[in-house]
Amino acid sequence: MERLEQFLAAILETRKVWLLQAREGFFAMLEDGDGEPYIPLWESEEQAKQAAQGDWADYSVTDMGFSELEHWLKELAKDDIDIAISPEADGEITAIPSIKFRTWVKPY
C-alpha cells in the first residue's frame, strides 16, 4: 500500500502520469500470470525512461494530464484493461482497476 500512496501523492502533485508509447494512441501493455492486461503508468519521466528497455526499448516516453487520463480510463474500464502502477523490473506489479483509478483522478 505504501507504493500506491507514494504514486498517488506524486501524480496529485504534478497532475500527470507517464507512459510508454509505441505510436500515436498505442501504449505499452503487460499481462499478469493469468493473461489479464494492464497499462503500466509511472509517476515520473525518469521511472518511465528506466522501463523503456527490452520489449519496450523502441517506445517513447510521454506524459498524460489528468483531464485526458480521466476520459481514457473510462475507455480502458469498458475494455477490461486495468492499471499497473510503476511496474518493477522483476515484473512485480501493483494493479488498480481502471474504474477505481478514474474515481481518484476525476476530481482533479
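**Helix on helix.** I started with H1 and H4: Leu4, Phe7, Leu8 and Ile11 in H1 meet Phe101, Trp104 and Val105 in H4. By contact I mean heavy atoms within 4.5 Å. Helices (H or I, at least four residues) and strands (E, at least two) are DSSP runs, numbered from the N terminus. H1 and H4 pack at an angle of about 45°, with their axes 12 Å apart. The axes are lines fitted to C-alpha atoms, for helices over the stretch in contact, and angles run from 0 to 180 degrees between N-to-C directions. H1 and H4 are therefore oblique to each other; under 35 degrees would count as roughly parallel, over 145 as roughly antiparallel, 65 to 115 as roughly perpendicular, and the rest is oblique. I also noted that H1 passes H4 in a right-handed crossing, meaning that the near helix is turned clockwise from the far one by less than a right angle.

**Ground rules.** This is a predicted model, where local features need pLDDT of at least 70 and side-chain atom pairs count only at pLDDT 80 or more, while totals for chains, interfaces and linings use all residues. Residues are numbered from 1 along each chain as its sequence is written, and side-chain values use heavy atoms, with hydrogens and water left out.

**Four-strand sheet.** I traced an open sheet in the order E3-E4-E6-E7, with mixed pairing. Strand E3 (30–31) and strand E7 (94–96) are at the edges with a single partner strand each, so one side of each has no neighbour in the sheet. Two strands pair if DSSP finds at least two bridges between them.

I then went through the pairs:
- E3 and E4 are antiparallel over two bridges, and Glu31 stands opposite Pro37 in E4.
- E4 and E6 are parallel over four bridges, with Asp82 in E6 as the bridge partner of Tyr38.
- E6 (residues 82–85) and E7 run antiparallel, joined by three bridges; here Ile83 stands opposite Ile96 in E7.

The hairpin of E3 and E4 has five residues between the strands, and Gly35 there takes a positive phi near 85°. How many of the residues of E4 are buried? Four of the five are, so E4 is largely enclosed by the rest of the structure. Buried is under 20% relative accessible area, exposed over 50%, partly exposed in between (1.4 Å probe, protein chains only).

**Three-strand sheet.** The other entry on sheets is an open one, E2-E1-E5, with antiparallel pairing. Its edge strands are E2 (26–27) and E5 (60–65), each pairing on one side only. E1 and E5 share six bridges, and Gln21 has Ser60 in E5 as its bridge partner. H3 packs on this sheet, touching E1, E2 and E5, and its direction makes about 95° with that of E5.

**Cores.** In soluble globular proteins, nonpolar side chains tend to be buried together. I looked up the largest nonpolar core and found 21 residues; Leu41, Leu69, Trp72, Ile83 and Phe101 have the most contacts inside it. Such a core is a set of buried Ala, Val, Leu, Ile, Met, Phe, Trp, Tyr and Cys residues joined through side-chain atoms within 4.5 Å. H1, E1, E4 (37–41), H3 (66–78), E6 and H4 (98–105) each give two or more residues to this core. Which element gives the largest share? H3 does, with five residues. Another core, of ten residues, lies apart from it and includes Leu20, Trp42, Ala48 and Ala84.

I checked Ile83 by itself. Not counting residues up to four places away in sequence, Ile83 touches Tyr38, Ile39, Leu41, Leu73, Leu76, Thr94, Ala95, Ile96, Ser98 and Phe101.

Most residues other than glycine have a negative phi. Arg15 has a positive phi of about 60° although it is not a glycine. Arg15 sits in the loop between H1 (2–14) and E1 (16–23) and is partly exposed, at 38% relative accessible area. Ser86 also has a positive phi, of about 40°, without being a glycine. Ser86 lies in the loop between E6 and E7. Is Ser86 buried or exposed? Ser86 is buried, at 11%.

**Last look.** Ser67 in H3 counts as exposed, at 56% relative accessibility. Ser67 and Lys106 are 39 residues apart in sequence, and 7.7 Å apart in space, C-alpha to C-alpha.
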